[in-house]
Amino acid sequence: MKIAVTFEDGAIGRTFADCPQVKIYTDEYREITDTELIDNPKGDAALADMLAKRGVEVVICDQISEDGIEALNGNDIMIYSGNTGNPDDAVTAFLQCRLDNQSNGIDTECVRQ
């Protein structure tokens, strides 16, 4: 599974569309096996499309607009919004089914098997 986290100055970026970078984590059996830091192409649709092409299944962010939610939903990417702090800690919490999700209308049950 690939998990993307908005990234700015070593922390979770404030907004999905405008964060300078995105950190992509590759998870195998609840272990992070690889990370990649990529530049944000800017814009909800552009970022959602880029993440989908890279095989991302989950996005962790702080704030996200309705357009961002729509763009990610259109690419079948789950959204965990309302998160701040250390990106590595957020991914660990997600993998352990402890990550908060404040996205409206998004199922907050743990997706990990």
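Helices and strands here are DSSP runs, a helix having at least four residues and a strand at least two, numbered from the N terminus. The exercises below use a predicted model.

## Exercise 1. Placing F7

Solution. 
1. F7 and P20 are 13 residues apart along the chain, and their C-alpha atoms are separated by 6.8 Å.

## Exercise 2. A buried asparagine

Task: locate N40 and say which backbone oxygens its side chain reaches.

Solution. 
1. N40 sits in the loop that runs between strand 4 (31–39) and helix 1 (44–53).
2. With a relative accessible area of 8%, N40 is buried.
3. The N40 side chain reaches the backbone oxygen of F16 at 3.4 Å and the backbone oxygen of A17 at 3.1 Å.
4. Leaving out neighbours within four places in sequence, N40 is in contact with F16, A17, D18, C19, P20, Q21 and L47.

## Exercise 3. The nonpolar cores

Task: for the largest nonpolar core, name the residues that touch the most other members and the element that gives the most to this core.

Solution. 
1. The largest nonpolar core has 19 residues, and V22, L51, V59 and L72 touch the most other members.
2. Two or more residues come from each of strand 3 (21–28), helix 1, strand 5 (56–60) and helix 2 (66–74).
3. Helix 1 gives the most, with four residues.
4. A second, separate core has 13 residues, among them I3, I12, Y25 and I60.
5. To follow one member of the largest core, take L72. Not counting residues up to four places away in sequence, L72 touches F16, A48, V59, I64, I77 and I79.

## Exercise 4. An aromatic pair

Task: classify the aromatic pair found in the whole structure, and say which parts of the chain this pair ties together.

Solution. 
1. A search of the whole structure gives one aromatic pair.
2. The ring centres of Y80 and F94 are 5.3 Å apart and the planes stand at 75 degrees. Planes over 60 degrees apart count as edge-to-face, so this pair is edge-to-face.
3. Y80 lies in strand 6 and F94 in helix 3 (residues 87–95), so the pair ties together parts that are 14 residues apart in sequence.
4. Y80 is buried at 2% relative accessibility, and F94 is buried at 3%.
5. F94 is one of the buried residues of helix 3, together with P87, A90, V91, A93 and L95.

## Exercise 5. Salt bridges

Task: how many salt bridges does a search of the whole structure find, and where do the partners lie?

Solution. 
1. The search finds two salt bridges.
2. K23 pairs with D88, the closest N and O atoms being 3.2 Å apart. The pair links distant parts of the chain, with K23 in strand 3 and D88 in helix 3, 65 residues apart.
3. K23 is buried at 16%, whereas D88 is partly exposed at 37%.
4. R54 pairs with E36, the closest N and O atoms being 3.0 Å apart. R54 lies in the loop between helix 1 and strand 5 and E36 in strand 4, so the pair ties together parts that are 18 residues apart in sequence.
5. R54 is partly exposed at 32%, and E36 is partly exposed at 33%.

Conventions: Residues are numbered from 1 along each chain as its sequence is written. This is a predicted model: local features need pLDDT of at least 70, side-chain atom pairs count only at pLDDT 80 or more; totals for chains, interfaces and linings use all residues. Side-chain values use heavy atoms; hydrogens and water are left out. Buried means under 20% relative accessible area, exposed over 50%, partly exposed in between (1.4 Å probe, protein chains only). A polar contact is a pair of N or O atoms within 3.5 Å; within protein, one must be able to donate a hydrogen and the other to accept it, and residues adjacent in sequence count only if both atoms are side-chain atoms. Contact means heavy atoms within 4.5 Å. A nonpolar core is a set of buried Ala, Val, Leu, Ile, Met, Phe, Trp, Tyr and Cys residues joined through side-chain atoms within 4.5 Å. Rings of Phe, Tyr and Trp (its six-membered ring) pair if their centres lie within 6.5 Å; planes under 30 degrees apart count as stacked, over 60 as edge-to-face and the rest as tilted. A salt bridge is a side-chain nitrogen of Lys or Arg within 4 Å of a carboxyl oxygen of Asp or Glu.
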